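Q: Could you walk me through this structure, one piece at a time?

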Amino acid sequence: MHELAITQSILEIAVRHAEAAHARQITDLYIVVGELSSMIDDSVQFYWDIVSQNTVAEGAKLHFQRIPAEMCCSNCSHRYALKPDQFACPTCGSTASVLMAGQEFYLAAIEVQPSEEMAT
Amino acid sequence: MKKHIPVVEKILSANDRLADENRERLDAAGVFAINLMASPGAGKTSLIERTVPKMIEFMRVAVIDGDIATSLDAERASAAGAIAVQINTGGDCHLDAVMMQHALSQLPLKDIDLLIVENVGNLICPAGFRLGTHKSVLVASTPEGSDKPYKYPGMYCGVDALVINKIDLLPYIEFDMTYFRQGVEILNPGLTTFEVSCRTGEGLERWFDWLRITVGTSDRLHMER
């Protein structure tokens, strides 16, 4: 269980970017999570409600975009999803494949309410 | 009206920055460090017990032991001849760059050539947290089963070497080495792999040689300066 530390890290990054933009309130966070990164959405949501209290991000909604683990076959260039029972290329059977996606773990964007003086 | 702000920042970037600082500190002191990861009971400490007495013939060795509680592993590393520091994570499932930083402060870095960091036994979390070490080494063991690369691909993707321990048990258990190594090969093509038994000593010479060469070619050895 390390979701608490991760949630605090998400908050720190979001607040820093919101402050730089002189935002009054963070309303939404867009988090990209690769299938191979060890993170559980529900736990982050649970901690989020606690750690975001009394910050500009309080009440903000978390949106998780899951990226499947995707392989590209070096032999026939076929792209396929990595699954426990499907490591080799399903088209040509080759085991020479390269991991193309699935290790992402980043905050892609936030949505904010601009401060009064910034609002038009 | 809502305003959209692109961020695109890695969530573990704070840990990564600190890991970079740890690396700079190690490099400045001429220490080569490896991050040893495995599930509980795979044989991390046993491998350290075998490795330390061999390596101290050539270089000065220290061990950082990450554990949830107790200092049993650090005592074993110390008994084997290493300078040992214990970090109790107090329940955390992995070491992170902050814990690594604290441990480095307790070590006489100028007097160390090789630092082995024994991570908490876990095949999931340690993969995500860089410590600042130079190489990551995974210890797998045959009783865990040959499906482990397929179940924990995240861990197998990111390591620089793999030690398959407990090969002396192969006649007694169901472990399909071909299936296992095929999974590893897809996730991490060309990965340096050692089949060993820490109990009998079989296969360890190759691991010792690799480690010596890896540390040596890193051009950090005090003894050679």
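**A helix and a buried asparagine**

A: In this predicted model, α1(A) is followed by His22(A), whose phi is positive, near 55°. Residues are numbered from 1 along each chain as its sequence is written, chains are lettered from A in the order in which they are written, and side-chain values use heavy atoms, leaving out hydrogens and water. Local features need pLDDT of at least 70, side-chain atom pairs count only at pLDDT 80 or more, and totals for chains, interfaces and linings use all residues.

Q: What do the buried residues of α1(A) pack against?

A: They pack against β1 (23-34), α2 (41-51) and β6 (105-114) of chain A together with β1 (3-10) and α1 of chain B, where contact means heavy atoms within 4.5 Å. Among the buried ones are Ile6(A), Leu11(A) and His17(A).

Q: New topic: is Asn122(B) buried or exposed?

A: Asn122(B) counts as buried because its relative accessibility is 12%; buried means under 20% relative accessible area, exposed over 50%, partly exposed in between, with a 1.4 Å probe and protein chains only.

Q: And which residues does Asn122(B) touch?

A: Not counting residues up to four places away in sequence, Asn122(B) touches Ala38(B), Ser39(B), Pro40(B), Cys93(B) and Met155(B).

Note on methods: Helices (H or I, at least four residues) and strands (E, at least two) are DSSP runs, numbered from the N terminus.
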